[in-house]
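Here's a quick tour for anyone meeting this structure for the first time. Take a look at it below, then read on.

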Amino acid sequence: MSDCDYIIVGAGSAGCVLANRLSEDPTVQVVLLEAGGSDRHPLIEMPLAWMTASSSPRFGWGTESEAEPHLDGRVQPLPRGKLLGGCSSINGTMYIRGMAADYDSWAASGLPGWGYADVLPYFKRAERNWRGAGPEHGGEGPLAVTPMKTHPELYPAFIEAAQELGYQETDDFNVAEPEGFGIPDCTIRNGRRDSTARAYLEPAKNRPNLRVVTSAQATRVLIEDGRASGVEYRQEGPLRQLRARREVILSAGAFHSPQLLMLSGIGPASHLKEIGIDPLVDLPGVGANLQDHPIALTFWQASKNHTFERDLRLDRLAFSVARWWLTGKGHPAQSPLTVQGFYRSSDKEDRPDIQFQVSHTSYAARPWFPGVRKGVGHQLSAGTLLLNPESRGRVSLRSADPAENPRILLNFLAEESDRVRMREMVRFMRRFFATAPVSEHVSAELAPGADATSDEAIDGWLRASVMSGGHPTSTCAMGTGKQAVVDAQLRVRGVPGLRVVDASVMPDIIRGNTNAPTVMIAEKASDLLRGA
């Protein structure tokens, strides 16, 4: 298959969806290029192991931020999946769509077809929801959406505390206006991760018109007579070229899609010249507008042994892993999440701008055994994500070498408005943990510590601890102005035959986890490509 109809670069959350949907037509030939390898590994399958998998160099690009100027110069690890399924193979499996108003704001900005009523059918088409088909959910889609199990002692206590503070319990965060506290859905099937590689690519991989090429890193898009004609890639040494009769589609993610555009001469002309690349199309928005959800953390000493610490004792952990491997049941079948909430930081917000999560374990928890290795003890970890940050970052080239990861500046806390709200997030966590009956389950604030009460002290903790929520978007943003990279059809401006389909096209980040919206974008893009 030296020539084909469609080339998809990146077998991640969007690329696997596109490969399946486009190859449903037996008259077209599709090639899916993936820089990484197989997703077949116990750490990938086991939902509990997602943090280990995401930090492993075996499964990722090793991407890091630059020294962040507003985070005391800290370099942020930015795990991105380099394997079949991409980030859907290493994420925390949480399934969150965002809010109707997020998408309606896209449409209102001049992007017809992207309002909530337009995208809801694609969310429904994607999911096999445990609730079954209904006005808000799909029941027959490829992607399993199942409920997380609740902790029998802690969940009721945390819901009661939330209600005491004026928040309602919700049993579904994937509705038009999600607000309140509850437990989220996740992409887990029979106790194992249901990535897009499993849900979309696996059923399609034996189609004669679909070819999946792994260990194949794209180096540039081929442009001939002003049109995208194919892709150059490296696989086991020599450079190879592949031609597309119809279109080239970049689904390499918010960091690597803009990198590929710039390596191909598409991007800010002045920056490309500095790097030594001849600009073919001057698109200043390529790599700009980087958005992510910063997460603020607090840590608490548990007063009871209801945490996950006891289950991390090596003999118990080995037994539960063996049971999970045989049956798909037990602790390894999900993460130890206690509760999640969406709330508004103030009455001025028209919808929730904060996502609050508590885990009944420490983020630094590890397997332990008496006399051999110490654990961290019984702890609770809380994190809150700022869902509509005003700070903006950038992706740029480090060099003209495709093997080098791009420069990534998140620029967290650059805007004072973000710093103000993140201070209040820390104070909210304290109010929450001081509210009965949650207060009965904690004995001390471990970090930032009860003495850190002033704005200056909290700011110091934030600079030292704020992390990426792992939701980078918007570096090839849809739009109509000079900064727009793609149009409402996801076509790259000025380059016929080239589209971008992944989280990088979001004009503004949605208020929630970004994997489900990325799947939706790819579902919709498949119809755009097929003219449906």
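## A briefing on the fold

In α1, the buried residues are Gly15, Cys16, Val17, Leu18, Ala19, Asn20, Arg21 and Leu22. Buried here means under 20% relative accessible area, exposed means over 50%, and partly exposed is in between, using a 1.4 Å probe and protein chains only. That makes eight of the eight residues of α1 (residues 15-22), so this helix is largely enclosed by the rest of the structure.

Keep in mind that this is a predicted model, where local features need pLDDT of at least 70 and side-chain atom pairs count only at pLDDT 80 or more, while totals for chains, interfaces and linings use all residues. Residues are numbered from 1 along each chain as its sequence is written, and side-chain values use heavy atoms, with hydrogens and water left out.

**The whole chain**

- The protein chain has 13 helices and 26 strands; these are DSSP runs numbered from the N terminus, with helices being H or I of at least four residues and strands E of at least two.
- A compact globule of 532 residues would have a radius of gyration near 24 Å, and the 23 Å of the protein chain agrees with that. This radius is taken over C-alpha atoms, and the globule rule is 2.2 Å times the number of residues to the power 0.38.
- Along its principal axes, the C-alpha trace spans about 70 × 50 × 50 Å.
- Of the 532 residues, 59% count as buried.
- Take the contacts with a separation of 6 or more: 70% of them are between residues 24 or more positions apart. A contact means heavy atoms within 4.5 Å.

**The nonpolar cores**

- The largest nonpolar core has 84 residues, and Trp114, Leu261, Leu490 and Leu498 have the most contacts inside it. The biggest giver to this core is α13 (515-530), with eight residues.
- A nonpolar core is a set of buried Ala, Val, Leu, Ile, Met, Phe, Trp, Tyr and Cys residues joined through side-chain atoms within 4.5 Å.
- Which residues does Trp114 touch, leaving aside its neighbours within four places in sequence? They are Tyr103, Trp106, Ala107, Val119, Met478, Ala488, Leu490, Met520, Ile521 and Lys524.
- In soluble globular proteins, nonpolar side chains tend to be buried together.

- Helix α5 (residues 116-126) has Tyr116, Val119, Leu120, Tyr122, Phe123 and Ala126 buried.
- Their cover includes β5 (94-95), α4 (100-108), β6 (127-129), β7 (143-147), α7 (196-204) and α13.
- Thr93 sits in the loop between β4 (75-77) and β5, and Thr93 is buried, at 1% relative accessible area.
- Leaving aside neighbours within four places in sequence, Thr93 is in contact with Met148, Asp185, Cys186, Thr187, Ile188 and Arg193.

**The second largest pocket**

- This pocket has a volume of about 690 Å³.
- Its lining has 31 residues, of which Lys149, Gly330, His331, Ala333 and Gln334 lie nearest its centre.
- Elements giving two or more residues to that lining are β7, β10 (188-189) and α10 (314-327).
- On a 1 Å grid over the protein atoms alone, a pocket is an open set of points where a 1.4 Å probe fits, with protein on both sides within 12 Å along at least five of seven lines, and lining residues have an atom within 4 Å of a point.

- Most residues other than glycine have a negative phi, and most peptide bonds are trans.
- A cis peptide bond joins Ala436 and Pro437, with omega about 5°; Pro437 is in the loop between α11 (416-433) and β24 (442-447).
- Ala447 and Pro448 are also joined by a cis peptide bond, omega about 5°, and Pro448 lies in the loop between β24 and α12 (455-465).
- Leu490 is not a glycine, yet has a positive phi of about 70°. Is Leu490 buried or exposed? Leu490 is buried, with a relative accessible area of 1%.
- Asp225 has a positive phi near 55°, and Asp225 is exposed, at 85% relative accessible area.

Conventions
Grid points are joined across faces, edges and corners, and a volume is the space filled by probe spheres set on the points.
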